[in-house]
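Dear colleague,

Please find below the structure that I am handing over to you. My notes on what was found in it follow directly after it.

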Number of protein chains: 2
Amino acid sequence: MSAIVRLESAEDPRLGDYANLKDVTLRRSLEAEHGLFLAEGAKVIRRAVAAGYPVRSFLLSERWLDGLADVVAAGDAPCYVLPPDLLEEVTGFAVHRGAIASMERRPLQSVADVTAHARRILVLEDVVDHTNVGAIFRGAAAFGVDAIVLAPRCADPLYRRSVKVSMGTVFTCPYARMDNWYDGLEELRAAGFRLVALTPADDAVDLDTLAGGAERVALLLGTEGDGLSARWQGLADVRARIPISAEVDSLNVAAAAAVACYVLTRDVPPRPA
Amino acid sequence: MSAIVRLESAEDPRLGDYANLKDVTLRRSLEAEHGLFLAEGAKVIRRAVAAGYPVRSFLLSERWLDGLADVVAAGDAPCYVLPPDLLEEVTGFAVHRGAIASMERRPLQSVADVTAHARRILVLEDVVDHTNVGAIFRGAAAFGVDAIVLAPRCADPLYRRSVKVSMGTVFTCPYARMDNWYDGLEELRAAGFRLVALTPADDAVDLDTLAGGAERVALLLGTEGDGLSARWQGLADVRARIPISAEVDSLNVAAAAAVACYVLTRDVPPRPA
């Protein structure tokens with residue numbers, strides 16, 4: 001049973017996990033060093049707990065305490081309660097729905113583990129915007145994509161903004177990070193995945209022609225702006241496009257991912273028992 | 001030929017159009033009062049000019065002047081040049097690619113005008129987030145949606161954030177605002193549009209069953225979080241859903257819109273000449 005601790009100062013050292021939430025660079029190093037991440041809002045906190053992430057502490061304003069009382073009571077992590085103005089002073093912004101929790105990261109699974117039984121996976125090459133990473137997870141989870149593999153420089157799915165935009169799907173959609181950008185795709189090819197590079201290029205095939213079927217498909221999505229690297233496009237088995245108007249350059253990567261997940265997960269036969 | 005004016009002070013009254021860009025409430029009233037909007041970044045500025053919006057002024061840092069020199073020279077609006085730190089002081093944030101322009105709004109077309117020859121339209125009921133509005137326009141333009149109709153309380157497509165996220169597609173995708181939320185859909189029905197309400201509800205038909213065909217379709221999209229109002233769902237001819245995993249509540253409205261536009265614009269026969 002966890003303790004509910006009402007604090008009176010934004011400087012309290014027990015609030016160290018929550019400092020300077022708008023400073024991305026500082027947060028990245030702080031979260032890596034302490035192996036933590038933050039979940040914001042009661043719904044997302046519940047999902048993180050349900051997915052088995054250990055809670056380091058909760059930080060709430062008084063009026064949101066009731067809504068999370070069962071979650072708080074079920075564990076032994078301390079629950080700090082602050083007046084709303086102090087809460088904002090600690091974090092540097094208005095906390096979404098007055099509730100935030102510091103959670104412990106867990107060791108990431110290997111690429112081989114998360115893709116072992118997968119039929120449809122996404123592979124993100126250097127998607128650097130946390131909002132896009134979160135949105136891609138939400139779309140992938142919605143369409144039943146089995147796993148997501150991240151290139152080494154892809155943004156962190158457990159960063160606060162990613163977690164929030166993903167609506168907590170980063171906790172349930174299995175993901176792993178490849179060690180090596182240069183050769184990372186070969187492991188997937190060796191595991192039987194057909195490597196499909198998503199590109200707006202005119203000479204690519206219509207993605208719709210790749211829908212359905214029981215074969216394993218890995219859809220490769222590139223960085224914002226420049227898209228997939230020449231190397232990854234070259235390594236792909238096929239380059240595919242979503243047909244769009246010639247008057248529009250491209251779709252946002254998260255919108256493209258949602259459409260592509262929709263297309264590639266349609267009419268996939270049930271997995272053999 | 002416009003004048004290039006190098007300014008030395010963030011307080012210069014000629015910079016009034018660019019003040020406090022992060023204050024949404026203040027900007028809304030300032031932009032409405034003066035009938036202006038802001039375009040950010042050389043690419044988006046070019047698109048606004050190409051779409052025929054008159055320029056009130058440009059505001060650039062020195063190094064971005066060359067990249068827009070032809071656009072600046074082609075008109076007679078003044079071009080203010082500021083050192084980057086003063087540019088940030090005026091606007092309150094780091095200006096995207098160091099270029100911004102204040103443009104004049106034009107009278108909106110009527111719903112009847114923008115939908116006159118349309119086959120596929122979106123109707124947005126109270127989408128309040130500017131990022132979502134911009135993203136919906138970008139997706140709609142990419143898939144060749146013919147027009148977008150906004151309910152009275154839907155967020156402004158020409159707000160800076162909408163413009164930026166839309167990649168300038170708000171300038172080219174025709175849109176209009178209905179006067180009356182309560183009865184606004186009846187005008188579309190009378191014009192022959194089949195009203196399709198997009199919803200995550202389990203009892204709705206699969207959107208895919210409505211793809212293709214020459215009939216006129218108006219896809220209704222609801223507000224973030226709560227979705228379409230009961231009234232609009234009741235007025236719709238059919239309620240349709242994008243099939244998603246039972247473990248995920250919903251898609252973000254912009255992702256749902258992109259998928260829906262993809263589905264509804266596939267296999268539409270060419271318009272008779």
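**Chain A as a whole**

In this predicted model, buried residues (under 20% relative accessible area, with over 50% called exposed and partly exposed in between, for a 1.4 Å probe and protein chains only) make up 52% of the 273 residues in chain A.

Residues are numbered from 1 along each chain as its sequence is written, and chains are lettered from A and ligands numbered from 1 in the order in which they are written. Local features need pLDDT of at least 70, side-chain atom pairs count only at pLDDT 80 or more, totals for chains, interfaces and linings use all residues, and side-chain values use heavy atoms, leaving out hydrogens and water.

Chain A contains 10 helices and 12 strands; these are DSSP runs, numbered from the N terminus, with helices being H or I of at least four residues and strands E of at least two. Its radius of gyration, taken over C-alpha atoms, is 20 Å, close to the 19 Å given by the globule rule for 273 residues, so chain A is as compact as a globular protein of that length. That rule is 2.2 Å times the number of residues to the power 0.38. The C-alpha trace of chain A spans about 65 × 45 × 30 Å along its principal axes.

Of the contacts in chain A (heavy atoms within 4.5 Å) with a separation of 6 or more, 77% are between residues 24 or more positions apart.

**Two buried residues**

A:V170 lies in the loop between helix 7 (160-165) and strand 8 (175-177) of chain A. This residue is buried, with a relative accessible area of 1%. Beyond its neighbours within four places in sequence, A:V170 is in contact with A:F137, A:P157, A:L158, A:V163 and A:Y175.

In chain B, B:L188 belongs to helix 8 (residues 184-190). B:L188 is likewise buried, at a relative accessible area of 1%. Its contacts, leaving aside neighbours within four places in sequence, include B:V111, B:I121 and B:F193.

**How the two chains are related**

Chain B is superposed on chain A by a rotation of 180° with 0.1 Å of shift along its axis, with an RMSD of 0.0 Å. The same surface serves both copies, as 100% of the contact residues of chain B recur in chain A.

With kind regards

Terms used
Least-squares fit on C-alpha atoms with pLDDT ≥ 70 in both.
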